Amino acid sequence: MVGIDEQDVVARPGGAASPRRVQRVPMGLMIPAAAGLAFLVLPLAGLLIRAPWTTLPRRLTEPGVLTALRLSLQTATTATGVCLVLGVPLAWLLARVEFPGRRLVRALVTVPLVLPPVVGGVALLLAFGRNGLIGRWLDSTFGFTLPFTTAGVVVAEAFVAMPFLVIAVEGALRGADIRYEEAAATLGSDRWTTFIRVTLPLVAPGIAAGALLCWARALGEFGATITFAGNFPGRTQTMPLAVYLALETDLQAAIVLSLILLIVSVAILALLRDRWLTAP
Amino acid sequence: MIEGMRRPGPVVDAHIVVDRGTFRLDIRLRIESGEVVGLLGPNGAGKTTALRALAGLQPLTAGHVTLAGGDVDRPERRTWTPAERRPIGVVFQDYLLFPHLTAQDNVAFGPRRHGVDRRSARQLAADWLERVGLADRARLKPRQLSGGQAQRVALARALAVHPELLLLDEPLAALDARTRLDTRAALHRHLAEHPGASLLVTHDPLDALVLADRLVIVEAGHVVQEGDAATITAQPRTDYVARLVGLNLYRGTADGQTVRVGPDLALAVDDPLHGDAFVAFPPSAVALHSSRPHGSPRNTWPATITGLQRNGDNLRVQLAGPIGVAADVTPAAAANLELAPGQPVWVAVKATQTRAYPADVQPSAMTRDAR
């Protein structure tokens, strides 16, 4: 009896009730879905179509373009480094330590995520500007000012991008099996060593994904940067700022700069998809 | 590395009280050096909580844990030693080998944290892997190991820190039957060689009987029976223990050679005794008849079949009646009687195959430490 039943079950998927059957999609969903896709893709296609392909190699090597690109890559990478050093411990604190006001802290961490970047730039000026809360002290003690410097660009980018990293890493830490940390403790490992030797390697993919998102956000940062660091070529003019400036004088240059940013972004997305986003 | 700290007296002297709202664990444990104690009980009895309390992964609500003569947890004096400073080694149920480290680095992890330099720790780990027969697997990552191999790496990792107390949480539960047999034998050998105390948490009676010198049986957060395997298998004191060792068990009032176990049923027994008593007999001692049997068996009563299942080569028959009882019958007898659920039969048990023993005597091990 049992054997026959099992045979029946095995035989079924190939039969009439195969799950491979194509499902009908209601038009009420299909049309807006297609429109939504077109809305997302068409502007990018426009960028590709209008790109001055013939003069592209010459325009890419123009000194202004390369300077902006180099500055963008340098500041985004440095900002990501700052976010890693400060954000991973913050994520660990939120994920692993019970303390009063933890919900409030988590809400505060996510504020820059929803804050208009220009407002972030104004807030940074009030804190780190020459007359700001911390800026005044920095100026009088070290003779060091952040606004309108390359370091200021890094600060603005880190401020806007860090929530991406903290949220991604906190999620990874919550998803990681805490019992590995307990196992480490029973082997004589204190919490710091456990964090370095066990927790970090276990959540490394989550940290890498968070760092990439953070880097992409920093690379595209505009509002906070132009407010806090200004728009000085070679010093604070990153790619998005250069695009904005070029748009007023030279549309072709703006398209080229945009194209570069688009390629970098798509490359990151592809990297993320292949390496981490598809992993469970 | 923790050797030399040993003082006379038991390695473990604990009164574990953990209160978690609806559940309260309250057990006393003493484990001597070289002794393997099996903590046995059904799921949810509090076994793993007890192990975690000893390991320092679960703080006590009250009571105390004393390891190798030193208090590591005593809430009333605010004494607390975290897991990393307790002289313990733990083999977790699913091993929890660090997935990013090789087998050798997993074993070397403990010695490194105890201050052994990198080279010596790796050598120590290699020696331990050799002892568990995995010298050729040292460079593999945990995901490349079979279940049995991972279990042995976990054991080597726990033993590599020379723990005073080795804690094993269901160490064989994740293995298939065949691997389990081999691994159980190997584990038995390593436990026998371990100079410190060992506590084995399991819900499998066979693991406990094979591996432990002494059994502590926990139900619903309390110790219900304690003793060596022979005593517990011969004289179970709760339904759980009786089922565990495969006996029918009843509690009643004895008056000479009869024990009244229900309003309408008194069982004749061979061992004369008086007062509160247990009667136990194996399912193989129960005979089933289609009509009232004549002749020698004095214990007979009508019953109804409620269930039938395979049990080795025999059929295990569950019966309802004045007392619930399990019977083992051969397939031939079952066919002969045309056994089916709902069918009425007559049950017969010979007095000579029953064991009766007093119910109100506490085993010495339980009273020794009480109050």
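1. Basis. Buried means under 20% relative accessible area, exposed means over 50%, and partly exposed lies in between, with a 1.4 Å probe and protein chains only. This is a predicted model: local features need pLDDT of at least 70, side-chain atom pairs count only at pLDDT 80 or more, and totals for chains, interfaces and linings use all residues. Residues are numbered from 1 along each chain as its sequence is written, chains are lettered from A and ligands numbered from 1 in the order in which they are written, and side-chain values use heavy atoms, with hydrogens and water left out.

2. Chain A overall. The secondary structure of chain A is 13 helices and zero strands. Helices (H or I, at least four residues) and strands (E, at least two) are DSSP runs, numbered from the N terminus. Chain A has 280 residues, and 39% of them count as buried. Its accessible surface is about 16300 Å², with 70% belonging to carbon and sulfur atoms. Accessible areas come from the Shrake-Rupley method with a 1.4 Å probe; for residues, only the protein chains shown count as cover.

3. Contacts in chain A. A contact means heavy atoms within 4.5 Å. Take the contacts in chain A with a separation of 6 or more: 73% of them join residues 24 or more positions apart.

4. A:L219. This residue belongs to helix α10 (residues 191-219) of chain A. A:L219 is buried because its relative accessible area is 4%. Leaving out residues up to four places away in sequence, A:L219 touches A:S72, A:L73, A:A76, A:P240, A:L261 and A:V264.

5. Aromatic pairs. Rings of Phe, Tyr and Trp (its six-membered ring) pair if their centres lie within 6.5 Å; planes under 30 degrees apart count as stacked, over 60 as edge-to-face and the rest as tilted. Over all chains the count is eight aromatic pairs. One of them, A:W92 with A:F195, is edge-to-face, at 6.0 Å centre to centre and 75° between the planes. That pair links distant parts of the chain: A:W92 is in helix α4 (residues 63-96) and A:F195 in helix α10 of chain A, 103 residues apart. Both A:W92 and A:F195 are buried.

6. A:W137 is partly exposed because its relative accessible area is 48%. A:F142 has 55% relative accessibility and therefore counts as exposed. Ring pairs also join A:W92, A:W192 and A:F195 into a cluster.

7. Charges over rings. The criterion is NZ of Lys or CZ of Arg within 6 Å of the ring centre and within 35 degrees of the ring normal. The charged end of A:R235 sits over the ring of A:F232, 4.9 Å from its centre. In chain B, B:R131 lies over the face of B:W128, 4.2 Å from the ring centre.

8. Helix α1 of chain B. This helix (residues 47-55) is mostly covered, with seven of its nine residues buried. Among the buried residues are B:K47, B:L51 and B:L54. B:G56 follows α1(B) and has a positive phi, near 90°.
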